[in-house]
Amino acid sequence: MFFELNYVESIDISANRIESIQKHAFKDLYLTNINISHNSINSIESGAFENCVNMTFLDLSHNNISDFKLAVFDENSYAAVFDLSYNFLSNFSKIPLKHMAGIRLLNVSFNNITIIPKQTNLKLYELHTIDISHNNITDIADNIFQPALALRYLNLSHNALKRFRVATFGALSSLLDLDISNNYLENVPKDTFVKLASLSSLNLENNLLQNMVRPSLSLSVLRFKNNKLSSIDSEVWPVMNALLTLDLTNNTLNDNLVDENFASLLTLRELHLANNNITKISKGSFRGLNSLQYLGLNNNQITEVEKDAFGKMSIFVLNLHANKISNLSNLAFFQLGQLSKLDLSANKIRFLPSDVFKGIISVKDIDLSENYIERIDNKTNSVFEYCLNIEKINLRNNKISFLSKKSLPYNQWFAYKLRHLDLSYNVMPILTNDITIGTQNLEYLNLSHNVLQEIRLGNPLTCDCHLRPFYAVLHGNASIHLDLNNETCYSLESKNQINYFKSDILICPQDDEVNQVYPFLKDLEFRAIKLTKGLLWLSWFIKGKGDIADFYLSLKDVDRKLSIQEFHIPYDQRTFNISLNNIRANNIEVCLLSKDSKGNINKWLKNQCFVMHSEWKTLNKKCYRNFARSCDIYNPKTKTFSKLKSNKAVTHNNIMVVTISITLINFFLSALIIN
């Protein structure tokens with residue numbers, strides 16, 4: 001059928017109704033990708049593949065193949081990648097591999113293979129990957145994989161293996177990744193994997209193993225979760241090892257961790273001990289783990305963290321989520337000086353001692369959500385005072401009823417970096433001006449799902465610019481869920497209550513300190529400003545949360561202090577072009593302001609204006625001369641004019657070079673003619 005197609009690269013007859021492959025169906029093919037998957041093939045005749053040298057990919061997956069006849073492949077036919085997954089093969093030794101000298105990957109997953117017998121021929125020196133997962137294998141003959149000298153990846157997961165012998169794998173010196181997860185292994189000799197000199201990853205998850213295996217010296221990742229491990233013999237670890245990740249999640253270690261259980265694991269970086277029914281932390285259990293970066297003790301039964309419970313460690317992340325911790329002692333984490341994230345969520349913590357976080361000066365993220373905490377200060381200082389690098393505090397779903405001046409970390413001589421604060425799902429009925437203390441750099445504030453009924457900012461609340469800190473925290477860039485449109489203050493001038501979020505009272509004198517600490521928030525911000533063919537092109541976006549209905553754009557002659565042009569722009573428009581051809585002013589101030597729903601122009605803010613100095617005329621001419629579509633003349637971030645950028649490949653300089661070159665050529669031609 002398919003023969004002497006010397007130049008064909010791919011043959012795809014997948015997803016048809018083919019039931020058999022006849023003799024000489026594929027003949028004299030070279031470096032061909034053949035896809036016969038998703039058919040109903042149950043028979044392949046002898047000689048079906050003849051002189052098919054180095055098939056790049058032979059896909060026979062998703063068929064009904066249960067057996068192979070002799071000589072399906074002649075001595076010259078082999079595939080680099082051979083996929084037989086999702087068939088009904090039962091005997092691994094019957095797979096036609098005799099002449100597959102160049103095979104590199106063999107996939108026989110999702111079949112009915114029950115045994116890998118001695119007769120299996122794996123003298124295949126280029127074979128690097130074998131996938132026999134999702135079968136019913138119960139036994140593997142000794143040293144069966146030994147002839148596969150290049151074997152790197154072996155997947156035996158999701159089978160019915162119950163035991164191994166030391167000789168099962170022997171000394172596979174090239175094997176890097178071995179997956180035996182999801183079997184029924186109960187007892188494996190400790191030294192089964194010791195001779196695998198290059199093994200980097202060993203997966204023994206989801207078995208019934210009761211004892212720890214001895215890893216090879218090269219092993220870096222050992223996955224042992226979901227087993228029946230109840231204790232660890234410290235002598236099981238080799239003196240010299242390269243283990244980086246050890247996952248013991250969901251075993252039955254209970255409180256059987258003893259001093260120096262992991263002392264030999266000098267290179268270990270991740271230790272996962274979740275779901276082990278651990279009730280207490282033994283300081284000596286983690287002694288010697290000098291390279292550890294992650295310690296996971298989540299989902300255990302720990303009730304207390306004692307003083308200096310972990311000793312001196314260099315961990316970056318400590319996970320104590322979903323325990324039963326109700327008692328945190330002072331200096332509980334004292335020697336964890338490099339800790340970056342501390343997760344204490346979903347516990348039973350009611351009280352935080354004043355010095356509980358003392359010593360963890362590097363911590364950036366503390367999660368205390370889903371506890372029963374009622375306050376986060378002790379009337380003299382915040383419990384977070386020692387966390388000098390704190391950026392994120394999560395207090396979601398607690399019992400906090402108020403915030404005081406000492407609740408959040410603040411010091412006039414040191415600038416804290418708190419940017420994210422979650423106080424949602426608490427029981428705060430009143431919000432006071434104290435929330436502005438320690439929140440100068442806040443970017444996210446969540447106060448949703450409290451019982452807020454009143455915002456109390458003093459008695460009486462005077463309308464002046466010093467309300468700006470409160471405005472900045474609750475109405476600026478912080479993400480909140482409060483309706484502040486009806487909040488008022490008392491005006492000394494009008495003797496009335498006015499809405500301070502809709503008035504100009506928050507604008508301070510130029511030299512007022514509030515201007516430096518809490519710069520006024522913009523309604524609008526420029527996205528881009530360009531010159532294009534004598535036009536000034538502006539683009540902007542809305543940044544404020546107030547009443548914005550339309551926009552007002554004005555051009556002013558700075559030198560003569562005269563208005564040049566004014567434009568009223570509808571709300572749905574975010575770009576605008578202004579012709580500059582007839583403007584003679586040297587210095588032009590461009591201001592973009594918002595208008596409210598009644599048509600009033602909102603307050604003028606200096607940071608919503610910019611000045612085009614006399615340089616704009618020069619840049620305009622250069623744009624024309626260089627044939628540029630547009631020139632970025634202003635950088636809104638730095639408030640400076642940018643260098644000329646042309647979008648055309650042909651520039652003025654290129655034209656000049658071409659012109660000079662043509663002139664020189666003409667000169668030399670003239671000289672030749674004269675001679």
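Seven salt bridges turn up in this structure, which is a predicted model.

**Salt bridges**

- Arg 165 pairs with Asp 142, with 2.7 Å between the closest N and O atoms. The two sit 23 residues apart: Arg 165 is in the loop between strand 14 (153-155) and strand 15 (177-179), and Asp 142 is in the loop between strand 13 (139-140) and strand 14.
- Both partners are partly exposed, Arg 165 at 25% relative accessibility and Asp 142 at 36%.
- Asp 233 bridges to Lys 190, the closest N and O atoms being 3.8 Å apart. Asp 233 is in the loop between strand 17 (221-223) and strand 18 (245-247) and Lys 190 is in the loop between strand 15 and strand 16 (201-203), so this pair ties together parts 43 residues apart in sequence.
- Asp 191 meets Arg 214 at 3.1 Å, N to O. Asp 191 lies in the loop between strand 15 and strand 16, while Arg 214 lies in the loop between strand 16 and strand 17.
- Asp 191 is partly exposed at 40%, and Arg 214 is partly exposed at 26%.
- Shared partners join Asp 139, Asp 142 and Arg 165 into one salt-bridge network.

- Phe 333 touches, among others, Phe 310, Leu 318, Leu 342, Phe 357 and Lys 358.

Methods. Residues are numbered from 1 along each chain as its sequence is written. This is a predicted model: local features need pLDDT of at least 70, side-chain atom pairs count only at pLDDT 80 or more; totals for chains, interfaces and linings use all residues. Side-chain values use heavy atoms; hydrogens and water are left out. Contact means heavy atoms within 4.5 Å. A salt bridge is a side-chain nitrogen of Lys or Arg within 4 Å of a carboxyl oxygen of Asp or Glu. Helices (H or I, at least four residues) and strands (E, at least two) are DSSP runs, numbered from the N terminus. Buried means under 20% relative accessible area, exposed over 50%, partly exposed in between (1.4 Å probe, protein chains only). Lists of a residue's contacts leave out its neighbours within four places in sequence.
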